[in-house]
Amino acid sequence: MGWEVRCCPQRVRSRGGHSRWSIDAASVRTALVAEALRVALAGRARIDPGAGLDIVDLGGGTGGFAVPLAVEGHRVTVVDPSPDALASLERRASDEGVSKLVHGVQGDAAELPGLAGESSADAVLCHGVLEVVDDPAQALQAMASVLREGGVLSLLVAQRNAVVLARALAGHLAEARVALQDADGRWGPTDPMPRRFDEVGITGLLADAGFMVHTIHGVRTFTDLVPSAFVDSEPGAAEALADLERSASQHPAFRAIATQLHILATR
């Protein structure tokens, strides 16, 4: 089984009149992830055409992914430790008219099987969470237990190489060397990120947890380098930047320096 992102940017109006999965200055950072996820979910949906999927969004916060997925007819459970984020999620779902499809639960990765139920989900989203959990291997095992056979994992993690490059370009050469050699990819004791991953390390963890990796995309290869003022003010710049990101996302050389890696895997 394999997936390939071929969908083009689209501007789709939600029930509340807001744009979802669209390409604009505010969404360039997540556009590629959203497109790849939609392709993977469409493949899973073909197993039971016409029925929405059961999705768990671990650390989904205020519903940036969960609510648009619910608008498309999927049932989404958001597991997040922040009560404030879950309150915002509830308001957002209400504004979009999908409160019945979005369920917020306070908790973390270690509690996931008890909160969501084993073999209960067609897909699990884990975006920007594995960097901060106590035990990444245990968290991946918990996600695997929640997924049904053939279920999809959408995993987004910070990549070590990008911070090495960023610290070097900023003139912090000693910190760049520390990040390159540190087991967790941190540039020093004041680094706010608990850990970062490289492609070999994260794919190894996924294999140990019983996942089969299908695609790996580099995310934010150029977006963090292009001045946001240019993207916001120049007509067509956001679309051009998104197209460039998409074209380079699976190129090994560019993927190696992307800020994040987006991995789609199945259990």
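This is a predicted model: local features need pLDDT of at least 70, side-chain atom pairs count only at pLDDT 80 or more; totals for chains, interfaces and linings use all residues.
A search of the whole structure finds 11 salt bridges. Side chains of opposite charge can pair when their charged atoms come close. Arg148 is partly exposed, at a relative accessible area of 28%. Both residues also belong to a network of salt bridges that links Arg44, Asp54, Arg75, Asp122 and Arg148.

Arg44 leads on to helix H1, where it is among the buried residues, along with others including Val28, Leu32 and Leu41. Helix H1 covers residues 28–45, and its 18 residues should span 26 Å at 1.5 Å a residue; the end C-alpha atoms are 26 Å apart, in agreement.

Two further salt bridges involve helices. Glu199 and Arg255 meet at 3.0 Å, N to O. Glu199 lies in helix H8 and Arg255 in helix H11, so the contact ties together parts that are 56 residues apart in sequence. Glu199 is partly exposed at 24% relative accessibility, whereas Arg255 is buried at 15%. Within helix H10 (residues 237–248), Arg246 and Asp243 are three residues apart, or about one helical turn, and their side chains meet at 2.7 Å, N to O.

Glu111 is found in the loop between strand E5 and helix H4, and is partly exposed with a relative accessible area of 41%.

Methods. Residues are numbered from 1 along each chain as its sequence is written. Side-chain values use heavy atoms; hydrogens and water are left out. Helices (H or I, at least four residues) and strands (E, at least two) are DSSP runs, numbered from the N terminus. Buried means under 20% relative accessible area, exposed over 50%, partly exposed in between (1.4 Å probe, protein chains only). The expected span of a helix is 1.5 Å times one less than its number of residues. A salt bridge is a side-chain nitrogen of Lys or Arg within 4 Å of a carboxyl oxygen of Asp or Glu.
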